[in-house]
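I open this notebook to record what I looked up in one protein structure.

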Amino acid sequence: MTKIYWSPWKHSRIALFLLAILGILGLLLIETCKVKKEQSYFKKKLHAAKLAERGFQILKPELLKHKKPDYKELDPTNSGFIGEFLTPVTSNSGSLSAKQTSINPNFAAVMIQFLKKAKLEEGDTVAVAVSGSFPALNICLFAALDTLKLKPIIISSASASQFGANHPQMLWLDMERELVESGIFSFKSSYASLGGIQDKAMGISKEGKDLLARALQRNHIKLLDPLHFDDSIEKRMKLYDELSGGKPIKLFVNVGGGTTILGTNLGKQVFKNGLITDLPEEVHVPNSVIKSFLEREVPVINFIQIESLARKFGLPQTPKKVPKPGEGRVFYSEEYSPLLYLSVFLFLLVGLYGVTRLGWGENQEDRHLPKSLRAR
């Protein structure tokens, strides 16, 4: 009669294989079951985003009054913030997708993050440059400044690039006035230039310049009228100093790609978005307002390349509806669950111990088998 011998070693290898499969499944479980953790300054970020959303809602009815019937083709969110391709007060070309992406109140939270990174404190004086190119972002900036109780000195450019605030009867200066009159904000521009090339609206028709001038008059904004490019930089810096009332300017914030703010095309390439604290050493930086502040050792927050910023902070590209406050990685970070991680680790550790013990026991049993049947 032939004797059949049971080889436990084969079973220990199966157990080890199953343990490896369970280990892979455990790692997948850990990866897919991440927990959300609130980012720094969560409450202030959410407050600023809600304030920006309120600003959007206040302006929407008036903005939509000036839109054409096919407007939603340009602005799927129907927010009212997307301007026309060309009007008499359009200063230069612009990206429609960047404008669409900017209509998100959660950019106010991004601005809170940059402002806190710059270590500002309540009551600090901040120099600000905005234009009509990104009105929704201007509102987000105002919401962040209000939330942190900072003191802005604002100089605007009245004109706007394509798809910005370029309706002659509803420019950024008009929106700004509406927001102040509604009580949502207590500050607005002290001065405004015509904007565009050389900050003098070069290339804009006489009709366009007249429309811009009338916008300044009806909104009671003083005109910044430079003689040329460098004069615009000098006058802006002088006005910031005068309007600061002797208090130190702790930060300069720019929204958009104004030439006198960033410099020539080289300046636009050198000064990326985000917080900037030093001038680059490897290139000669052309004259600009940003360069002037950095030379004074005043940090700069540069809010350009909007689609890149949106990707960085987990905000949607060209959303189909206006996002709700509290969405995006600027509010939450995803982290591994410590409890789940520990549970999977302990399970694998116990399983490995069991397989090791089984293998040791099998080796002991092998000693009682004929040599030809011992596990190899």
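**Entry 1: the model.** I noted before anything else that this is a predicted model.

**Entry 2: helix α2.** I looked up helix α2, which covers residues 42-65 and has 24 residues. At 1.5 Å a residue the helix should span 34 Å, and I found its end C-alpha atoms 36 Å apart, which agrees. I then asked where in α2 a kink lies. There is one of about 40 degrees at Leu 59, shortly before the proline Pro 61.

I also looked up which residues of α2 are buried. Among them are Phe 42, Lys 45, Leu 46, Ala 49, Ala 52, Glu 53, Phe 56, Leu 59 and Leu 63. For the reading of such a list I keep a general rule in mind: an α-helix has 3.6 residues a turn, so residues three or four places apart point the same way.

**Entry 3: aromatic pairs.** I asked how many aromatic pairs the count gives. The count comes to 14. I took up the pair of Phe 42 and Tyr 332, whose ring centres are 5.4 Å apart. Phe 42 lies in helix α2 and Tyr 332 in strand β11 (residues 332-335), so the pair ties together parts that are 290 residues apart in sequence.

I checked the accessibility of both partners. Phe 42 counts as buried because its relative accessibility is 12%, under the limit of 20%. Tyr 332 has a relative accessible area of 27% and is therefore partly exposed.

I next recorded the pair of Phe 107 and Phe 303, which is edge-to-face, with 6.1 Å from centre to centre and 85 degrees between the planes. Phe 107 belongs to helix α4 (residues 107-117) and Phe 303 to strand β10 (residues 300-303), so this pair ties together parts that are 196 residues apart in sequence. Phe 107 is buried at a relative accessible area of 0%, and Phe 303 counts as buried at 1%. Ring pairs also link Phe 107 and Phe 303 with Phe 114 and Phe 313 into a cluster.

**Entry 4: charges over rings.** I found Lys 99 over the face of Phe 134, at 4.9 Å from the ring centre. Arg 296 lies over the face of Phe 293, at 5.9 Å from the ring centre.

**Entry 5: cavities.** The structure holds 2 cavities of 30 Å³ or more. I noted about 60 Å³ of space in the largest cavity. Its lining includes Leu 63, Lys 67, Phe 81, His 167, Met 170 and Met 175. Leu 63 is also one of the buried residues of α2.

**Entry 6: the largest pocket.** I read a volume of about 640 Å³ for the largest pocket. It is lined by 35 residues, of which Ser 133, Phe 134, Gly 256, Gly 257 and Gly 258 lie nearest its centre. Which element gives the largest share of the lining? I found that α9 does, with 4 residues. Elements that each supply at least two lining residues include α3 (96-102), β2 (125-130), β8 (249-255) and α12 (306-312).

**Entry 7: Leu 294.** I located Leu 294 in helix α11 (residues 289-295). Leu 294 is buried, with a relative accessible area of 5%.

Technical notes: Residues are numbered from 1 along each chain as its sequence is written. This is a predicted model: local features need pLDDT of at least 70, side-chain atom pairs count only at pLDDT 80 or more; totals for chains, interfaces and linings use all residues. Side-chain values use heavy atoms; hydrogens and water are left out. The expected span of a helix is 1.5 Å times one less than its number of residues. The bend at a residue is the angle between axes fitted to the seven residues ending there and the seven starting there. Buried means under 20% relative accessible area, exposed over 50%, partly exposed in between (1.4 Å probe, protein chains only). Rings of Phe, Tyr and Trp (its six-membered ring) pair if their centres lie within 6.5 Å; planes under 30 degrees apart count as stacked, over 60 as edge-to-face and the rest as tilted. A charge sits over a ring if NZ of Lys or CZ of Arg is within 6 Å of the ring centre and within 35 degrees of the ring normal. On a 1 Å grid over the protein atoms alone, a cavity is a set of points where a 1.4 Å probe fits but cannot get out, and a pocket is an open set with protein on both sides within 12 Å along at least five of seven lines; lining residues have an atom within 4 Å of a point. Grid points are joined across faces, edges and corners, and a volume is the space filled by probe spheres set on the points.
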